[in-house]
Amino acid sequence: MTSVSPIPTVVPSLPEVQKATETGTRTLWVVFVIMVISSLAFYAMAFRVPVQKRLFHILTAFITTFAAISYFAMAMGDGISYSHNTVTESHKHVPDTTLDVYRQVYWARYVDWSVTTPLLLMDLAFLAGLSGANILVAVVADLIMILTGLFAAFGTNESAQWGYYAMACLAYLVVIYQLAVHGRAMAMSKDSKTGTFFQAIGAFTLVLWTAYPIVWGIADGSRNINVDAEIISYAVLDVLAKPVFGFWLLFTHDAMPETSVSLEGFWSHGLGKEGSLRVGDDDEGA
């Protein structure tokens, strides 16, 4: 009598849910407080200078204001959804099995970035003296980078995710080109102090921005770190890229008259007599 080996049994894997714990939530609240305090400080700094010279102050304060709203939403459990990926697990003696992975995606973060990163680019662009055409290209490339990053986070399969990721990286290269080539050239043509400052704060910004796609790749992309580690990583980068950047920019700007941008006309005085809008001027003798 021959013995028959038992037939291997395939046990379906339960879905894996990756979400933040109390550590991640506390981190979000801490960053919210930092953004609020920074915003109040930037608005206070703005009121210390004439309205004609508040451009950098207002842009920088808006950056941390929008970031504070975003972090409040995420800390409250809003602005969150789940991405779904199916991972195939290969086995030697039994059929392949699949594992459904559901991971929290903080889409409020992408809304934040779609507003704050163009504002930050405008800070750097006005500091360098970039042309309107260069600013438009940089801002549009930046928005493409953020939106494709959002699409990648919700990609239904790895091919789609990394395809969007590649698009985002290409758009980021355009942003780098506008700042590192055109921005640097324009800043250096103004004066040595402005050129040196732009190179320093511009390099600081680009290094930080380069870290964001790296974090995305090991978090949402490959899921090699948990959601808490993702939150903490982005929190550190956001604090450096927004409040720290803002204080550095504004303190240097206030101490360095060469970086001053004075806006008259409508920005400072509204639609006065000389700037009023008219529809159909009356001709004399009509």
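What is the mean pLDDT of the chain, and what share of its residues reach 70 or more? I looked this up before anything else. The mean is 85, and 80% of the residues reach 70 or more; pLDDT is the predictor's confidence in each residue, from 0 to 100.

I noted the ground rules. This is a predicted model, in which local features need pLDDT of at least 70 and side-chain atom pairs count only at pLDDT 80 or more, while totals for chains, interfaces and linings use all residues. Residues are numbered from 1 along each chain as its sequence is written, and side-chain values use heavy atoms, with hydrogens and water left out.

**Confidence by element.** I compared the elements of the chain. Helices (H or I, at least four residues) and strands (E, at least two) are DSSP runs, numbered from the N terminus.

**Aromatic rings.** I looked up ring pairs next. Rings of Phe, Tyr and Trp (its six-membered ring) pair if their centres lie within 6.5 Å; planes under 30 degrees apart count as stacked, over 60 as edge-to-face and the rest as tilted. The count comes to 15 aromatic pairs. Y212 and Y234 are stacked, because their ring centres are 6.0 Å apart and their planes stand at 20 degrees. This pair links distant parts of the chain, with Y212 in helix α6 (residues 192-221) and Y234 in helix α7 (residues 227-255), 22 residues apart.

I then checked burial (buried means under 20% relative accessible area, exposed over 50%, partly exposed in between, with a 1.4 Å probe and protein chains only). Y212 is buried at 12%, and Y234 is buried at 2%.

F247 is partly exposed, at 26%.

I also found a cluster: ring pairs link Y110, W113, Y212 and Y234.

**Helix α4.** I checked the span of helix α4 (residues 132-153). Its 22 residues reach 32 Å from first C-alpha to last, close to the 32 Å expected at 1.5 Å a residue; the expected span is 1.5 Å times one less than the number of residues. The buried residues of α4 include N134, I135, M145 and A153.

**A loop residue.** I ended with M76. M76 lies in the loop between α2 (55-75) and β2 (81-89) and is partly exposed, with a relative accessible area of 47%.
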